[in-house]
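Here are some short notes for a first look at this structure. Please read them with the model open beside you.

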Amino acid sequence: MKIIAFVGLPLSGKTTASKIAEEMGIPVVVMGDVVREEVRRRGLELTDENAGRVASELREKEGMDAIAKRCVPLIREKLGEKGIVVVDGIRGIAEVERFREEFGDDFVLINVEAPIEVRFERALRRKRDDDVKTLEDLRRRDERELSWNMGEAIRLADITIENVGDIEEFREKVREIIRHFVPRVEVEVETDVHPTEDVEKVKKTVLNLFPDASIEVEESKLLARTTNLSRFRELLRMQRILDTARSEMISGRRGKSVVVYLNKQTAYVSRINFADEDAILSPLKVTFRLYDVDFERFLDYLTPETRDGRPVKEVDRL
Ligand SMILES: Nc1ncnc2c1ncn2[C@@H]1O[C@H](COP(=O)(O)OP(=O)(O)OP(=O)(O)O)[C@@H](O)[C@H]1O
């Protein structure tokens, strides 16, 4: 999964970038909507002034990351749709830190950059009431944002996009980056860790099949996630169980997901054996979420049809 957010100086193109993502069908969580929701909840009129006051109050009472915190459940909910969400409206470092803490490396911060003269021209064209009227105003606003929080957030960005050309050029750049992050498939492995089992061993079992999975263990439940299927694919081929695996995948299909169960004990020695849902010592429940790939292609990539034990059709990439 990926959570993408844009930061940058005033008028650099952050909102435009989020809109481009939205046009691509990517779910967008707008941080300002969370504030507006709170304004409504308090029975206040929906004005910029009230929104500003409520936002400041929330930050004062609940910390500088108050709005980010409230966005987290919304982000998690929307992640289920495509495995990727764009967050619009980051204002400062505390919010970046909150998202990093929640989502780790899955959180990607993108800095949108344009020289002050270009941004000033856009202000003149945009003519929003609160937009700057002179280049000097914009310089002061830049300094204010930099000295507050935005400067730190910009320094922490993973990627920088320059927005100096026309809108089409910018659209293409944003689309390319987003396309790169849209997961085609995500794998989730779930299992119970019984009191008689060693957690480290169960982790190793999962890593045997999905070596770069990120793993969380909470109470007695283990949950692992990755978008990399290559080791699992290789093991199916090495063990020559493509036909069995293919029919398990077909019968495990549930809409846009595929669910199969694997024997935990054999997986510990890197062997894939399909199991029943209620196998003893609870099996590994493996869910493949197909976000951006057809079921047929997924099937042909992971478990191609075979003749005389060899794949009939090779699909090397999802
Ligand atoms: N490449 C571009 N070519 C022409 N106009 C652009 C380009 N990128 C953005 N704009 C325009 O510049 C203005 C500012 O863009 P946008 O609102 O996306 O910036 P922002 O970083 O969200 O600004 P702010 O932080 O001030 O709200 C908008 O009117 C937008 O349509």
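1. Which strands does α14 lie across, and at about what angle does α14 run to β11? This is a predicted model. In it, α14 lies across β6, β9, β10 (257-262) and β11. The helix runs at about 130° to β11.

2. Now the sheet itself. The sheet is open and has six strands, in the order β7-β8-β6-β11-β10-β9. The pairing is antiparallel. β7 (214-218) and β9 (253-254) stand at the edges. Each has a single partner strand, so one side of each is left without a neighbour in the sheet.

3. Look next at one strand pair. β6 (residues 185-192) and β11 (residues 284-290) pair in the antiparallel sense, over six bridges. One link to find is E190, whose bridge partner in β11 is K285.

4. Back to α14 (residues 295-302), this time with α12 (residues 242-251). Their axes come within 10 Å and cross at roughly 155°. An angle over 145 degrees counts as roughly antiparallel, and α12 and α14 are therefore roughly antiparallel to each other. Their crossing is right-handed.

5. Which residues meet at this contact? From α12 come L242, R246, M249 and I250. From α14 come F295, F298, L299, D300 and L302. By class, the contact has seven nonpolar, two charged and no polar residues.

6. Finally, a single residue. T266 sits in helix α13 (residues 264-267). Is T266 buried or exposed? Its relative accessibility is 18%, so T266 counts as buried; the cut-off is under 20%. Leaving aside residues up to four places away in sequence, T266 touches R271 and N273.

Note on methods: Residues are numbered from 1 along each chain as its sequence is written. This is a predicted model: local features need pLDDT of at least 70, side-chain atom pairs count only at pLDDT 80 or more; totals for chains, interfaces and linings use all residues. Side-chain values use heavy atoms; hydrogens and water are left out. Axes are lines fitted to C-alpha atoms, for helices over the stretch in contact, and angles run from 0 to 180 degrees between N-to-C directions. Helices (H or I, at least four residues) and strands (E, at least two) are DSSP runs, numbered from the N terminus. Angles under 35 degrees count as roughly parallel, over 145 as roughly antiparallel, 65 to 115 as roughly perpendicular and the rest as oblique. A crossing is left-handed if the near helix is turned anticlockwise from the far one by less than a right angle, and right-handed if clockwise. Contact means heavy atoms within 4.5 Å. Ala, Val, Leu, Ile, Met, Phe, Trp, Tyr, Cys and Pro count as nonpolar, Asp, Glu, Lys and Arg as charged, and the others, Gly among them, as polar. Buried means under 20% relative accessible area, exposed over 50%, partly exposed in between (1.4 Å probe, protein chains only). Two strands pair if DSSP finds at least two bridges between them.
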